[in-house]
Amino acid sequence: MSEQDLLLIEQYYRNALSEAESLAFEQRMADDEAFRAEALSHKKALLAIELYGKEQMKKKLRERPLVKADRLYRVWPWMLGICTLILLMLFWRIESQKQLEKPTEPVTPSTSPTTPIPSGTAKPLPQQADNDNIKQTTNTQKLFATAYHPFQEGGTGNNVRSNGQNPDPDKMTGLNQLKQLALEQKHAECLEAYEKLPAGTQQKEMALFFKANSLLALGRTDEAAGLFEGVASSQQSAYASHAQWYAALCALKTGDLPKAKKWLQELGSNNNASAAQRTKAKNLLRQLR
Amino acid sequence: MEKLDAFNVNAAEVIAALRAGHPGIMENLYDAHRAAFLGWASKRFYSTPSDIEDAWQEAVAVFYKQVVSGQLTALKCSVKTFLFAVGYKWLLKNHRKMKRIWWRGEEDEALATDPQLTAFSFDDDLWEEERLLLIAAMEALSPQCKELLVDRHYHERTIQELLDTYEYASKNAVTATLSSCLSKLKLIIKEKTKK
């Protein structure tokens, strides 16, 4: 094959020929077998170079470390905005969580605005794993705050029947003093008076009941609960039904819902309790359900 | 050459830079739109990341070749749209059955209406065996021959540019070496085809 023919073939594949020259080239390819073979061989060689060149280029692009895209600078305001939003949402969530975990301050009932509500030293609530439990605890606290009133003799359902005994006058004086202090909401003095009682008198249900009443008023719920439960279990005590009510309230205060329900159920079916006490217990039980 | 912003550069600037012998712009374009293409194509094809990456490389390589060979002198759409459309066409060619979403975007529009894309087809529509044979034939050449042939016929460098780049005495020396390398390549292909 002459140099001129080779040049012609190269020009053809470079699209460097005129239309007439291209037609003449194609005509020669149809007529001249050797020329056609050489042209096809050239075409194949060019294809090989192109394939190899492309592979080399792709390899170079693939194996080179990616240039850090400038796009980052364009999206940073968006990223900043999204991060701020996420932080705000997190902050809001944490704050809501704290709000739910915080024990609710008891609400002073409107009927007795000066009544002190036990708080502060109450047993810390158990850490609840989920919000439902936290909400439930918060609800029992609210119910406690609404239902709790320190014991008032003569109030609805608070009439304590005398057991008909005629105790020692000195002891009666001490017990009466204790009771009087409790009814006057002088709870610290009431506890001091309790300590001054003779050991035998201290074990009387009445003394224990008023001590518990003052303990609860001062926020010493756990101590009060134990004493109320003891009095409540004594079927003979004139204070048993009241103690059942306060034992239930203590359980509510500490978030022990099953125990609160148990005491309310017992009070609701206690034939020695007044109708008003039973109704009060049933109403509160209904709210707990 | 002043560095071009691959995100904002227009097609004319890219084409001018490539025609002026600055292939570096391809690397910028490749990096700038790569992540977007990978995300875009993976939503449209049940395909492996490696296939999609391959499609992107193919698109960039095809664009480059079309520009340097003078087949593509201007674009009606953006460079990004052209690259996406070519990559998309390559995926359709090789993974048509894997296409999964049938919505239409600007790339579909360009593929259907832009003459530069409707007329375009992949040149190397070869059997894999033949493709490997041709690449192997190139591999069999000396490094000098490979480099010279690729520069001349793939990167479309002129004889003068080759003379300026390599240590040849004259244009004739360049032409003679090119001719010799091309003859060797033809011979190797002939021998490999016979086997």
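Buried means under 20% relative accessible area, exposed means over 50%, and partly exposed lies in between, using a 1.4 Å probe and protein chains only. By that rule, B:Arg131, B:Leu134, B:Ile135, B:Ala137 and B:Met138 are buried in H7(B). This is a predicted model, in which local features need pLDDT of at least 70 and side-chain atom pairs count only at pLDDT 80 or more, while totals for chains, interfaces and linings use all residues. Residues are numbered from 1 along each chain as its sequence is written, chains are lettered from A and ligands numbered from 1 in the order in which they are written, and side-chain values use heavy atoms, with hydrogens and water left out.

**Confidence**

- The predictor gives the complex an ipTM of 0.86 and a pTM of 0.52.
- Chain A has a mean pLDDT (the predictor's confidence in each residue, from 0 to 100) of 78, with 76% of its residues at 70 or more.
- Within chain A, confidence is lowest in helix H5 (residues 131-147), at a mean of 71, and highest in helix H2 (residues 19-31), at 93.
- Residues 69-73 of chain A have a pLDDT below 50, and this stretch has 4 contacts in the model beyond near neighbours in sequence; contact means heavy atoms within 4.5 Å.
- Residues 161-167 of chain A also have a pLDDT below 50, and this stretch has 3 contacts beyond near neighbours in sequence.
- Where pLDDT is low, the predicted coordinates should not be read in detail.
- Chain B averages a pLDDT of 84, and 88% of the residues score at least 70.
- In chain B, the lowest confidence is in helix H6 (residues 115-118), at a mean of 71, and the highest is in helix H8 (residues 143-154), at 94.

**Chain A as a whole**

- Chain A has 13 helices and 0 strands, where helices (H or I, at least four residues) and strands (E, at least two) are DSSP runs numbered from the N terminus.
- Of the 289 residues of chain A, 39% count as buried.
- Among contacts in chain A with a separation of 6 or more, 62% join residues 24 or more positions apart.
- The accessible surface of chain A is about 17200 Å², and 54% of that belongs to carbon and sulfur atoms; such areas come from the Shrake-Rupley method with a 1.4 Å probe, and for residues only the protein chains shown count as cover.

- Seen down the axis of H7(B), the buried residues fall within an arc of 155°, so they line one face of the helix; the arc is that of the directions from the helix axis to the C-beta atoms.
- The cover over the buried residues of H7(B) includes H3 of chain A, together with H8 and helix H10 (171-194) of chain B.
- In H13(A), the buried residues are A:Gln277, A:Ala281, A:Leu284, A:Leu285 and A:Leu288.
- These residues of H13(A) fall within an arc of 105° when seen down the axis, so they line one face of the helix.
- A:Arg286 and A:Gln287 are exposed on the other side of H13(A).

**Nonpolar cores**

- In the largest nonpolar core, which has 73 residues, B:Phe37, B:Phe63 and B:Leu185 touch the most other members; a nonpolar core is a set of buried Ala, Val, Leu, Ile, Met, Phe, Trp, Tyr and Cys residues joined through side-chain atoms within 4.5 Å.
- Helix H3 (residues 49-68) of chain B gives the most to this core, with 11 residues.
- A second, separate core of 49 residues includes A:Phe151, A:Cys190, A:Ala193 and A:Ala225.

**Single residues**

- A:Ala45 is in helix H3 (residues 33-63) of chain A and is buried, with a relative accessible area of 0%.
- Not counting residues up to four places away in sequence, A:Ala45 touches B:Leu182, B:Leu185, B:Lys186 and B:Ile189.
- A:Asn15 is in the loop between helix H1 (3-13) and H2 of chain A, is exposed at 68% relative accessible area, and has a positive phi near 60° although it is a residue other than glycine.
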